[in-house]
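Hi,

Here is the structure I promised to send over. Have a look at it first, and then read my notes below.

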Amino acid sequence: MTAKTNPVPSVWARQQSTPDQPALSRASIVREAIVMLDADGIEALSMRKLGARLNAGATSLYRHVATKDELMELAVDEVAAEFTVPPPGSPWRAAVTEAAVSFRATALGHPWLSAVLGQAGLAYLGPNLMAYSERLAALFSDAGFPEPSRAIDTVLSYVIGMSTTEAAWLTTVTRSGKTEGDLIASLMPAAQQAAAGHDHLAGAYADAAVHAPIDPVALRDEKFSYGLDVVLDGLEMRLPR
């Protein structure tokens, strides 16, 4: 008896079925899911709640999207359409900086994105992420990198890591009901007390307290740019001379 083969568990690996309800489409389901994700995070998203918002039962949703995992693949690829990459031929360092800044802006606009990128199945097979990856590959290849995929992985690891931390912090700010500056000011005494007796940390928090009145958005931008420059400095040394 021939064993039944298991399909690849990804929305991109199976044929889309013909919808029974024209008013309910995969696109409308994904759009509403992103609204829910942006507002309340991945923990609050369920097929039942999503169906209720769309005035449809969860069973109707499953005709278009088989599982919540598939839904996350689709949501990730949908927001990936917001990533921008300059065309090949652009100065590589300025172009990579623009692409990294675009990724970060998208990730901060969708705070759930960075945290789920590594968990969203085969999301990288989606058309928008494939197009993004192709544009990055062309950019790094044209710049002369002998191993463009590894250079891309290095940049994306930095950007995703920073964006994940930053998005988590901004979620905390939102939940506090305070402005970012006010929340930092309220936390500073506790942070300085916790750092007491740790010479290097105490000095760092003392310096942070001095800079606390400065625009926190500008400080986060500066921190991101500094780290990105360090990464690009290292990559530049890999280019053939």
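Before anything else, one cut-off: I call a residue buried when its relative accessible area is under 20%, and exposed when that value is over 50%. Please also keep in mind that this is a predicted model.

**The pair Tyr158 and Phe224**

With that cut-off, both Tyr158 and Phe224 are buried. As for aromatic pairs in general, the count comes to 6. I'll start with another of them, Phe83 and Tyr132: the ring centres are 4.8 Å apart and the planes stand at 50 degrees, so this pair is tilted. Phe83 sits in the loop between helix H4 (68-80) and H5, while Tyr132 belongs to helix H7 (residues 127-143), so the two tie together parts of the chain that are 49 residues apart in sequence. Phe83 is buried at 4% relative accessibility, and Tyr132 is buried with a relative accessible area of 4%.

Back to Tyr158 and Phe224: their rings form a tilted aromatic pair, with 5.6 Å from centre to centre and 35 degrees between the planes. This pair links distant parts of the chain, since Tyr158 is in helix H8 and Phe224 in helix H11, 66 residues apart. One more thing on the aromatics: Phe83, Phe103 and Tyr132 make up one aromatic cluster.

**Arg104 and its partners**

Now to the residue I kept coming back to. Arg104 is found in helix H5 and is buried, with a relative accessible area of 9%. Which residues does Arg104 touch, leaving out those up to four places away in sequence? They are Val159, Ser163, Glu166, Arg220, Asp221 and Phe224.

Take Phe224 from that list. The charged end of Arg104 sits over the ring of Phe224, 4.9 Å from the ring's centre. The C-alpha atoms of Arg104 and Phe224 are separated by 9.1 Å, although the two residues are 120 residues apart along the chain.

Side chains of opposite charge can pair when their charged atoms come close.

- Glu166 and Arg104 meet through their side chains in a salt bridge, at 2.6 Å from N to O. This pair links distant parts of the chain, with Glu166 in helix H8 (residues 148-176) and Arg104 in helix H5, 62 residues apart. Glu166 is buried, with a relative accessible area of 8%.
- Asp221 and Arg104 also meet in a salt bridge, at 2.9 Å from N to O. Asp221 lies in helix H11 (residues 216-236) and Arg104 in helix H5, so this pair ties together parts that are 117 residues apart in sequence. Asp221 counts as partly exposed, at 33% relative accessibility.
- Glu166 forms a salt bridge with Arg220, where the closest N and O atoms are 2.5 Å apart. Glu166 is in helix H8 and Arg220 in helix H11, so the parts tied together here are 54 residues apart in sequence. Arg220 counts as buried, at 16% relative accessibility.

Through shared partners, salt bridges join Arg104, Glu166, Glu180, Arg220 and Asp221 into one network.

**Helix H11**

H11 has 21 residues and reaches 30 Å from its first C-alpha to its last, close to the 30 Å expected at 1.5 Å a residue. Which residues of H11 are buried? They are Pro216, Arg220, Phe224, Gly227, Leu228, Val231, Leu232 and Leu235. These residues cover an arc of only 140 degrees around the axis, which puts them on the same side of H11.

The face of H11 turned away from that buried side carries the exposed residues Glu222 and Tyr226. And what covers the buried residues of H11? The cover includes H5, H7, H8 and helix H9 (180-195).

**One more residue in H5**

Thr106 is found in helix H5 (residues 92-109). Is Thr106 buried or exposed? Thr106 is buried, with a relative accessible area of 5%. Not counting residues up to four places away in sequence, Thr106 touches Val79, Glu82, Phe83 and Leu113. Phe83 is the residue that forms the tilted pair with Tyr132.

Cheers

Methods
Residues numbered from 1 in each chain as written. Predicted model: local features only at pLDDT ≥ 70, side-chain atom pairs only at ≥ 80, totals over all residues. Heavy atoms only, no water. Helix = DSSP H or I, 4+ residues; strand = E, 2+ residues; numbered from the N terminus. Buried < 20%, exposed > 50% of the residue type's maximum accessible area, 1.4 Å probe, protein only. Contact = heavy atoms within 4.5 Å. Salt bridge = Lys/Arg side-chain N within 4 Å of Asp/Glu carboxyl O. Phe/Tyr/Trp six-rings, centres within 6.5 Å; stacked < 30°, edge-to-face > 60°. Lys NZ or Arg CZ within 6 Å of the ring centre and 35° of its normal. Expected span 1.5 Å × (residues − 1). Arc of directions from axis to C-beta.
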